[in-house]
Amino acid sequence: MAVNKFFGAISALSLLLLLSSFGCEAQLSPTFYDTTCPNALTTIRTTIRSAISRERRMAASLIRLHFHDCFVQGCDGSVLLDETPTIQSEKTSLANRQSARGFNVIEDAKTAVEKICPGVVSCADILAVAARDSSAAVGGPSWTVKLGRRDSTTASRSLADSDLPAPFHQLSTLISLFSNKGFTPREMVALSGAHTVGQAQCRTFRGRIYSNGADIDAGFASTRQRQCPSTGGDSNLAPLDLVTPNQFDNNYYKNLVQKKGLLISDQTLFNGSSTDTFVTEYSQNPQTFSSDFGAAMVKMGDLSPLTGQDGIIRRVCSAIN
């Protein structure tokens, strides 16, 4: 009897340890909220679609926000945290300062979800879902979002400064930054296709349009100079895709082939180097681009998530509980 009890206790302990290990290494799953908050995804989608219907550009901003979250500490909602005495906000980093936007839309989605399922859905997951819903809302691909991320209690301005690509980066730097996160050059070119929507500020492309370089179409440069003077007007906007700026399609790549990429970091993808073949392929095959973009976004959403007992579920996305 005592022996049976002993082995029974050992078995129970082993099971407990096994379950505990699964909890620490929890996997993201599309069905994560099916029982705890079954209406989470439709609630988020309603908020996102409403915001994009008011301002089409918001789709690009939300996709970018998810990207800037995942490339710094992983997909943990750290980009959403405000500055505090103990947190150096990523919002003030070089890549985000005066350009990252859509924070209010994520907060609106969080507020709506908190009303139906308080303390259940993370801000990191809302960001991931918002990116997918934004793409679909402007004619781009949709994909199955894996869920179960938890929110960080920290942020890193220094990592944001070092890990996020800049509009003036050349190909070798971009390949290195994306490789550091596990992405191939092809996946990098596919993710860059997010620039098929959205706008950029004059200060980010002034150097390119006044360069008189061989890698920019002269007529395109002249057109862009009208709204972006050589001095002043730093915040003046221009569409990243001059053909269909509010539609998610493959015209971004067609522009690159014609030397009409707005940013240095855009045109460097098609400039007589190793990634030219990917740009050409995507310019000719919109379905291939759409498929590859969706797959790369799923992969990005897998970057170092906090799961199980790690992290927290924030009540408000901009602050720690």
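This is a short tour of a predicted protein model, moving from its confidence values to its disulfides and then to one arginine.

Before selecting anything, note that residues are numbered from 1 along each chain as its sequence is written. Because this is a predicted model, local features need pLDDT of at least 70 and side-chain atom pairs count only at pLDDT 80 or more, while totals for chains, interfaces and linings use all residues, and side-chain values use heavy atoms, with hydrogens and water left out.

Start by colouring the chain by pLDDT, the predictor's confidence in each residue, from 0 to 100. The protein chain averages 93, and 92% of the residues score at least 70. Now select residues 1-25, where pLDDT stays under 50 and the model has four contacts beyond four places in sequence, a contact being heavy atoms within 4.5 Å. Where pLDDT is low, the predicted coordinates should not be read in detail.

Next, show the cysteines: a search of the whole structure finds four disulfides, each being a pair of cysteine sulfur atoms within 2.5 Å. With the bonded cysteines numbered in sequence order, the pairing runs 1-4, 2-3, 5-8, 6-7.

Select Cys37 and Cys117, whose sulfur atoms are 2.1 Å apart in a disulfide. This pair links distant parts of the chain, 80 residues apart, with Cys37 in the loop between α1 (2-24) and α2 (40-54) and Cys117 in the loop between α4 (103-116) and α5 (123-137); helices here are DSSP runs (H or I, at least four residues), as are strands (E, at least two), numbered from the N terminus. Cys37 counts as buried at 2% relative accessibility, and Cys117 is buried with 9%, where buried means under 20% relative accessible area, exposed over 50% and partly exposed in between (1.4 Å probe, protein chains only).

Move to Cys70 and Cys75, joined with an S to S distance of 2.0 Å; both of these residues, Cys70 and Cys75, are buried.

Then select Cys202 and Cys228, where the S to S distance is 1.8 Å. Cys202 lies in helix α9 (residues 202-209) and Cys228 in the loop between α10 (218-225) and β2 (237-239), 26 residues apart.

Finally, select Arg314, in the segment after α14 (286-301). Arg314 is buried yet has no salt bridge, and the nearest side chain of opposite charge, Asp151, is 4.6 Å away; a salt bridge is a side-chain nitrogen of Lys or Arg within 4 Å of a carboxyl oxygen of Asp or Glu. Among the residues that Arg314 touches, not counting those up to four places away in sequence, are Asp76, Glu114, Cys123, Asp151 and Asn321.

How values were computed: Lys, Arg positive; Asp, Glu negative; His and termini not counted.
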